[in-house]
Amino acid sequence: MLRLTACLLLLMRLAAFGEVHPPAQVTAGKGFSISTTGSGDASFYLISPGHVAKREVKLGQDIPVDASVVKKAGRYLAIACGSGGCNSAAFYVMAAEPDKVSFFLHPSRVRVKSNDAINATAFVFDQFYNLVLTPVTVDFKVIPKTGPPIDRPIKSNLGVAWMRVASTPKQGPVKVIAEVGKASEPRVIQQVASDACNLRIKATRTAKAVLIETDPLRDCSGNAIPDGTIVSFTEIDGKGKTTVDVPIKKGIARTQLPVNGRAKISVASGVVIGNEISLGGGL
Amino acid sequence: MKAFLPLFIGLVTAGLVAMAWVESGGLALHEMRSAGTPQEAVEALVTDIQSRNWDRAYARLANSNDFEKQAFIRDLAGSSGSLRTYSSLESFKVWPVEAGADDATMRVRLNWSSAVGPLDDVRDLEVKKEGNVWKVVWPKPQFAKVPPQVIPVNYLRWDVIGRGPTDDWGVQNVDNPNVRITSMNAVERPDRVVIVGEVVNEDTVPAYVNVNATLLNSDSKPMDQEGSFDMISHTLLPRQVSPYRIDFPGFHLQQVKSVRMDVKAMLVPASADPVIAVTDQKMDKDPLGKNVLRGALVNQSGQTVNIAQVLADYYDANGRVIWVSDGYVDQALEPQVAVPFAVDVPDDVASKIHNYHVLVNHYSIHEGS
């Protein structure tokens with residue numbers, strides 16, 4: 001295409017004859033006419049970002065350009081070549097009205113009460129997937145499971161609108177919607193519990209061992225720590241140390257450990273350390 | 001000429017008798033009877049074990065009436081898809097511990113080669129003199145039997161559905177888990193630099209984790225890059241902490257200006273089952289006088305764990321990770337049965353250990369994880 005353009009431009013220098021006058025700016029997907037001067041037959045070339053079209057025209061008459069030819073936004077070159085040589089004019093096709101929005105929401109899981117933790121980015125496109133570079137307002141709606149929704153209109157800059165928002169104190173799904181005109185893209189983010197708060201254990205003697213279990217595990221906002229989270233129990237007695245990593249089940253982590261004489265039992269989950277209990281002998 | 005035929009027949013007959021003697025175990029019997037010392041008796045036994053000639057090995061035992069041959073085979077060849085079932089005895093060394101006129105104690109070090117590398121097994125064997133022959137008294141194999149029972153298992157399992165290949169650009173995907181290196185320490189060893197530390201899964205979903213390290217020289221240029229390979233628990237459940245160790249053979253700390261750490265995590269399906277308790281942990285010495293961390297693994301779930309790997313990290317008085325060591329257990333972990341383990345600890349590290357943390361990697365044939 002570049003070679004063809006270079007050849008045509010070389011030809012254009014040879015002679016000036018009928019000129020082409022396209023509009024300075026055209027909207028993608030809308031037909032228009034290019035006026036010409038001069039007379040006689042000519043070959044008309046339209047070089048666009050996506051393709052090249054050629055047809056025979058009469059100079060001095062308007063050249064209709066079909067809407068289907070100008071779907072891609074960008075710089076176009078109109079060239080008319082006749083017996084006297086070639087002439088050309090460039091024009092720009094701009095994106096049409098906003099029609100679609102591509103919406104990125106990160107992360108897909110976020111801890112509760114985290115500042116600027118939710119990142120929403122919207123790319124605004126017209127119906128032909130041209131990025132709409134003119135500023136448009138993207139309406140971000142954050143709808144938590146509980147509590148009032150947040151509405152945040154953001155003006156796009158070169159086709160992109162973004163915002164950061166803090167996660168709320170309650171765990172659960174949060175719906176975030178990006179809206180531009182009729183286009184609406186919903187996404188769901190999961191707000192999850194933070195680290196365990198007040199991690200506490202209690203021990204109950206059984207016939208052969210000690211049953212150790214945590215209180216119901218919650219974070220500092222009162223959210224239940226999800227099942228499957230690992231809780232590490234450590235027991236030190238006369239025979240040595242015993243450790244076991246237990247997943248939380250129904251909100252509680254529990255295990256049975258054999259105890260020989262006096263023992264100290266402690267608990268941790270990730271980087272959070274809980275209480276320590278001491279058991280006397282006599283089992 | 002007349003004498004040739006009887007001579008020929010006589011030689012053939014003698015040859016056939018000799019063959020029959022060999023075939024009927026006469027040679028073995030001769031070898032057995034030729035075990036004129038405790039050393040020879042143990043060496044002959046272990047040679048048969050090495051060649052998996054179980055019949056002959058079992059016949060060499062002084063106490064073969066005390067247990068069945070199948071128990072003896074199971075003791076040495078393993079069972080339930082354990083690591084021992086994938087191992088072969090590569091070499092052995094025998095030396096005396098105590099020697100008397102009619103009995104002796106011999107120590108044998110068995111070097112098994114396995115899919116995960118060499119495994120050492122040191123045993124003390126009692127040897128008794130019966131007539132002119134020394135025979136080994138094999139320790140009676142003890143296999144814990146789990147009583148028939150139903151063990152309810154209702155732990156969580158996580159499955160993952162990711163973005164499909166036909167989904168449009170910008171369609172939301174599930175993010176990889178958040179993992180964090182909580183500690184890192186560069187340790188100088190005689191022949192290498194070792195990076196040790198801990199990594200935690202801070203997310204609410206399981207993570208497949210790999211830790212890599214790059215040594216940088218004084219110009220901040222990379223000298224070498226290595227990964228944690230099997231010195232880490234790759235699958236970390238939510239809030240689970242794993243030690244890691246990365247070895248750089250042939251490097252010294254004085255060559256290193258800094259270390260660049262890189263932790264990668266992927267979202268993977270995983271199960272919270274089985275739960276394995278590590279009981280009776282204590283620092284000890286093995287029969288060879290080396291420092292080891294001993295303990296026992298108890299599979300608290302209902303399914304057999306075929307291969308278990310023990311990972312231990314050791315802390316100094318300041319709570320800093322100073323070493324990470326591992327050891328594979330060559331027995332399968334049957335439900336509710338304690339299986340002993342021991343992992344080596346270097347002598348110079350052992351004196352600085354203030355605390356330790358043990359984690360178990362497990363592999364089950366049916367789960368593949």
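Reader: Where is Arg239(B) found?
Author: Arg239(B) sits in the loop between strand E10 (235-236) and strand E11 (241-249) of chain B. Helices (H or I, at least four residues) and strands (E, at least two) are DSSP runs, numbered from the N terminus. This is a predicted model: local features need pLDDT of at least 70, side-chain atom pairs count only at pLDDT 80 or more, and totals for chains, interfaces and linings use all residues. Residues are numbered from 1 along each chain as its sequence is written, while chains are lettered from A and ligands numbered from 1 in the order in which they are written.

Reader: Why does Arg239(B) count as buried?
Author: A residue is buried if 20 or more other C-beta atoms lie within 10 Å of its own, exposed if 12 or fewer, and partly exposed in between; C-beta atoms are placed from the backbone. Arg239(B) has 27 C-beta neighbours inside 10 Å, so it is buried. Its phi is positive, about 65 degrees, although Arg239(B) is not a glycine.

Reader: Is Arg52(B) buried or exposed, and how do you know?
Author: Arg52(B) has 12 other C-beta atoms within 10 Å, so it is exposed. Its phi is also positive, near 55 degrees, in a residue other than glycine. Arg52(B) lies in the loop between helix H3 (38-50) and helix H4 (54-59) of chain B.

Reader: What kind of peptide bond joins His106(A) and Pro107(A)?
Author: A cis one, with omega about -15 degrees. Pro107(A) belongs to the loop between strand E9 (100-106) and strand E10 (109-111) of chain A. Chain B has a cis peptide bond from Asp273(B) to Pro274(B), with omega near 5 degrees. Pro274(B) is in the loop between strand E13 (270-271) and strand E14 (276-285) of chain B.

Reader: How do you know that strand E2 and strand E3 of chain B pair?
Author: Two strands pair if DSSP finds at least two bridges between them. Twelve bridges join E2 (residues 103-114) to E3 (residues 117-130) of chain B, so the two strands pair, and they run antiparallel. Trp112(B) has Leu119(B) of E3(B) as its bridge partner. A hairpin through two residues joins E2(B) to E3(B).

Reader: In which sense do E3(B) and strand E4 of chain B pair?
Author: Antiparallel, over five bridges, with E4 spanning residues 133-137 of chain B. The bridge partner of Glu126(B) is Val137(B) in E4(B). The hairpin of E3(B) and E4(B) has two residues between the strands, and Gly131(B) there takes a positive phi near 70 degrees.

Reader: What makes E22(A) and E14(B) a strand pair?
Author: Three bridges join E22(A) to E14(B), so the pair is made, and the strands run antiparallel. Thr243(A) has Val278(B) of E14(B) as its bridge partner.

Reader: How many residues does the contact take from each chain?
Author: It takes 29 residues from chain A and 28 residues from chain B. Two residues are in contact if their C-beta atoms, placed from the backbone, lie within 7 Å. On the side of chain A that touches chain B, E22(A) gives the most, with eight residues. That side divides into twelve nonpolar, ten polar and seven charged residues. Ala, Val, Leu, Ile, Met, Phe, Trp, Tyr, Cys and Pro count as nonpolar, Asp, Glu, Lys and Arg as charged, and the others, Gly among them, as polar.

Reader: Which domains is chain A divided into?
Author: Domain 1 (2-94), domain 2 (100-192) and domain 3 (196-279). The bounds come from an automatic or database domain assignment. Six residues of domain 2 of chain A are in contact with four residues of domain 3 of chain A.
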